[in-house]
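Subject: Structure handover

Hello,

Here is the structure I promised to pass on. Please open it and keep it beside you while you read my notes.

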Amino acid sequence: MNITLVKTFYDQGDNRQSNLLHEYINLWDNLSYEIKKSWNFVIIDDCSKIKAEDIVRKIKPNINIDIYRVQSDVFFNVSGARNIGAKECKTTWMYQSDMDWFAPQEMYEEILSYNYTNKNTMYKFLGKNTKVKPSWNISKIWQPINEFIISKSFFWELGGYNESFTGHWGYDDRDFLRKAELKNYNYKIVSDYFLQWKSAGKI
């Protein structure tokens with residue numbers, strides 16, 4: 001099985017997302033050959049002040065990676081960036097992911113071993129935020145709605161992300177999930193491992 005990981009990237013110049021991207025690339029580059037040959041990595045640079053291409057060029061990883069850069073700095077343009085990632089995806093299945101959710105190395109092998117049979121199913125993950133404080137009154141473990149594996153065909157059957165929500169944090173993910181619910185989609189938890197939330201900076 002081959003799968004594409006789509007990650008959106010936007011660094012305001014404070015190096016937070018750049019540091020995360022650097023960490024991701026090193027992790028991907030250190031996957032075994034048998035694992036990483038099945039992964040395609042697509043980075044959508046949403047007109048960052050620090051270019052994703054420059055970070056990758058310095059590291060020179062031995063992985064299948066493509067970088068696409070948005071030319072205009074549109075405020076909170078995750079919807080558009082995710083749609084570009086889906087458009088450029090060359091595999092049947094893709095993993096749509098934000099920069100601040102970090103998948104441990106073991107997950108990349110486990111994801112490949114899963115039986116993806118139903119193209120109208122979204123495969124999801126559990127996430128863990130170890131920085132949650134008791135006073136916040138929320139769980140350290142939850143299911144991030146913006147982290148999922150989906151077939152490219154079902155993504156576009158849902159119309160992709162609604163770019164009219166550009167500039168409004170959080171509504172785009174909820175709208176995408178609502179459209180999936182209207183299609184009576186199925187979902188499954190795909191991994192026994194937890195995604196780790198890492199602060200990637202401001203919107």
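Buried means under 20% relative accessible area, exposed means over 50%, and partly exposed is in between, with a 1.4 Å probe and protein chains only as cover. This is a predicted model, so local features need pLDDT of at least 70, side-chain atom pairs count only at pLDDT 80 or more, and totals for chains, interfaces and linings use all residues. Residues are numbered from 1 along each chain as its sequence is written, and side-chain values use heavy atoms, with hydrogens and water left out.

The overall picture

The chain has seven helices and nine strands. These are DSSP runs numbered from the N terminus: helices are H or I with at least four residues, strands are E with at least two. The radius of gyration is 16 Å, close to the 17 Å from the globule rule for 203 residues, so the chain is as compact as a globular protein of that length. That radius is taken over C-alpha atoms, and the rule is 2.2 Å times the number of residues to the power 0.38. The C-alpha trace spans about 45 × 40 × 40 Å along its principal axes. Of the 203 residues, 49% count as buried.

Contact means heavy atoms within 4.5 Å. Take the contacts with a separation of 6 or more: 77% of them join residues 24 or more positions apart.

The cores

A nonpolar core is a set of buried Ala, Val, Leu, Ile, Met, Phe, Trp, Tyr and Cys residues joined through side-chain atoms within 4.5 Å. The largest one here has 35 residues. W28, W39, Y108, I111 and I149 have the most contacts inside it. Helix α1 (residues 16-29) gives the most to this core, with six residues. A second, separate core has 14 residues, including F154, L158, L177 and A180. In soluble globular proteins, nonpolar side chains tend to be buried together.

Look at W39 next. Leaving out residues up to four places away in sequence, W39 touches I3, L5, N64, Y95, Y108, I111 and L112. S38 sits in the loop between α2 (33-36) and β2 (39-45). S38 is buried, at 12% relative accessible area. With the sequence neighbours up to four places away set aside, S38 touches M1, N2, I3 and L112.

A covered helix

How many of the eleven residues of helix α4 are buried? Eight are, so to speak: α4 (residues 78-88) is mostly covered. The buried ones are V78, S79, G80, A81, R82, N83, G85 and A86. Their cover includes β1 (3-9), β4 (93-97), β8 (148-151) and α7 (171-182), among others.

C47 is not a glycine, yet its phi is positive, about 60 degrees. C47 lies in the loop between β2 and α3 (52-59). C47 counts as buried, at 13% relative accessibility.

K60 also has a positive phi, near 55 degrees, in a residue other than glycine. Its loop runs between α3 and β3 (64-69). Is K60 buried or exposed? K60 counts as exposed, at 69% relative accessibility.

D11 lies in the loop between β1 and α1. D11 counts as buried, at 0% relative accessibility. Beyond its neighbours within four places in sequence, D11 is in contact with R16, Q17, S18, S48, K49 and I50.

Best wishes
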